[in-house]
Amino acid sequence: MTALMTVLLGLGVPGLLPALAVAPRSPVVILLAPVIGAVCAALAAELELGIAGSLFGWYLAIVLVVNLAVIAWWIAAWARAAPARAERAVSAARQSSRAWSRAHIAAWAWYFGTVAALLGALAVPLIGLRSQLIGWDSNSIWLTHALMISGGHHELLTDLQNPAYAFSNPDYPPLVPASGALAFKFFGMSSLLVATDTTVFLTACALGVAGVGIAAAAGHTGPLPRAVAIATGGAVCIAGFAVAGEYGIDGHADLMWAAAAVAAIVWGLVLPRSTQALVVAWICAIAASLTKNEGLTTALIVLVLIALRYRPLGLQAMRQRRKGQDGLAERPRSRPPPLARRAREWTERAAFVLVPAVPGLAWAGQIHLAGIRDAFFASSSGQSLAGRAAATIDGMGGQLKIAPVAVLLLVAGSLVLRRHRERAQLASPAWLWIACLGSLAVIFATYVFGADPIRWWLQTSVHRTTIFAQVLLYADIGIWLVTAAAGTFGHVSEAGRPAASQAAEPPAAGDARVAASPGARLGG
């Protein structure tokens, strides 16, 4: 219960206003808020290590600045939107109050239905917390780091540099131990389970963000497809815990970074482009990059792909410019010279990657400057690269039993459901698969070129390093299922525009439309 209170109050309440600013009428708010709070805690740990002070002091400062910035942004947006509010009020007055009420009730029903279904699905695997497990890495890495962070700047820096703690992978990012250290601050250290259980609840929130994204893929279709989408989102959440097994409930961070990365892919590389989907994807990518080193490399791959999707290259970019679908802002009336346009586009692509990558890269930079190293590449293993590669292929392949099913559905879906997917404005499945294969390639290279004996290394870790790929493939299967249900039993409203990133959102007060304003979306 203390861990749940940490997630809801210590992390969720500080992250609530930013979550509402990102997705004001989406069910994802409840699950995204604790993730935002955990990101703030990780940033506080970075400042504690890099400057001075304590985690709690920096956390309060960051939360205060972020929430004040959100309030200031809301005030400015409220002033700018005054004419639009008046227009919506006139439009609502002209419509039938009965029709307005039906739309309002239906939207709220889907909102709370999505929240209830996903929370119910996530509650099932969390029953395992009764076993009060603390895993090996949970004890030797994450709890150790949480205690270091709790001690303040000097203790954190000296302990991370201490060779006696080299076994704890001192270069690992701080999101999980910082959240645990906050739990210790709130409830004391009488039980170490408060930190490990906080990690599990945060993992459930990250999986829930991915589940809401899958549920949103149905868009504004009929009741049956949307019910299928919500059930599929909940099933993928359960599948995530099932894939991780005991590592999902004993304080390990592997499922946490995997869930955050999957959520970033679902929102940024699957759902229709929108400002809301983009920012949610960025937040989840930041969370993944601050959880584990594998999360940082995967987040960088995902961020590059998101940048290329939102600012495409070549012929696709030309088509979008002709349709007025070339970015977050409206198309300018006078087209700049080609060279200036290309420079602006590449600047925007770089910003799409670097801005959300800064927290993860900043931690890696601090660790490097402090002379802290991991042992994975410290020396040569003495084993042949061919032998290590063969063992890695065998070990990783044995964990990816869902891959043939996912490939089969990819081929069948691309042949049969391609038009339905395009009509729903969901992204090409190639984006998701490139992200999956890119992450697997990085992990494969780590095993091949690392220093540890390959058989022992695979035996003790491959079931955890492949969690991300497995959960992502289950998510892809779920998205194809939602696409099939929407294409077979539903219809896409508003002339084919699904507004998937706003699915199951209730209308704003005084607005009879269920979907949010098209101005909040990106083209195509």
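**Close-up views of Thr-465 and two helix pairs**

**View 1. Surroundings of Thr-465.** In this predicted model, the backbone oxygen of Val-462 lies 3.4 Å from a polar atom of the side chain of Thr-465. Thr-465 belongs to helix α20 (residues 454-465); helices here are DSSP runs of H or I with at least four residues, strands are runs of E with at least two, and both are numbered from the N terminus. The side chain of Thr-465 also forms a polar contact with the side chain of Tyr-447, at 3.0 Å. A polar contact is a pair of N or O atoms within 3.5 Å; within protein, one must be able to donate a hydrogen and the other to accept it, and residues adjacent in sequence count only if both atoms are side-chain atoms. Thr-465 counts as buried because its relative accessibility is 10% (buried, under 20% relative accessible area; exposed, over 50%; partly exposed, in between; 1.4 Å probe, protein chains only). When neighbours within four places in sequence are left aside, Thr-465 is in contact with Glu-294, Ile-443 and Tyr-447 (contact, heavy atoms within 4.5 Å).

**View 2. Packing of helices α6 and α8.** Helix α6 (residues 136-150) packs on helix α8 (residues 175-187) at an angle of about 60°, and their axes are 8 Å apart. Axes are lines fitted to C-alpha atoms, for helices over the stretch in contact, and angles run from 0 to 180 degrees between N-to-C directions. The arrangement of α6 is therefore oblique to α8 (under 35 degrees, roughly parallel; over 145, roughly antiparallel; 65 to 115, roughly perpendicular; the rest, oblique). By class, this contact of α6 with α8 has 10 nonpolar, three polar and no charged residues (nonpolar: Ala, Val, Leu, Ile, Met, Phe, Trp, Tyr, Cys and Pro; charged: Asp, Glu, Lys and Arg; polar: the others, Gly among them). Among the residues that meet are Trp-142 and Leu-143 in α6, and Val-176 and Phe-184 in α8.

**View 3. Packing of helices α2 and α7.** Helix α2 (residues 28-50) and helix α7 (residues 153-161) pack with their axes 8 Å apart, at an angle of about 80°. The two helices α2 and α7 are therefore roughly perpendicular to each other. Ala-45, Glu-48 and Leu-49 of α2 meet His-153, Leu-156, Leu-157 and Leu-160 of α7. Five nonpolar, one polar and one charged residues make up the contact of α2 with α7.

**Notes.** Residues are numbered from 1 along each chain as its sequence is written, and side-chain values use heavy atoms, leaving out hydrogens and water. Local features need pLDDT of at least 70 and side-chain atom pairs count only at pLDDT 80 or more, whereas totals for chains, interfaces and linings use all residues.
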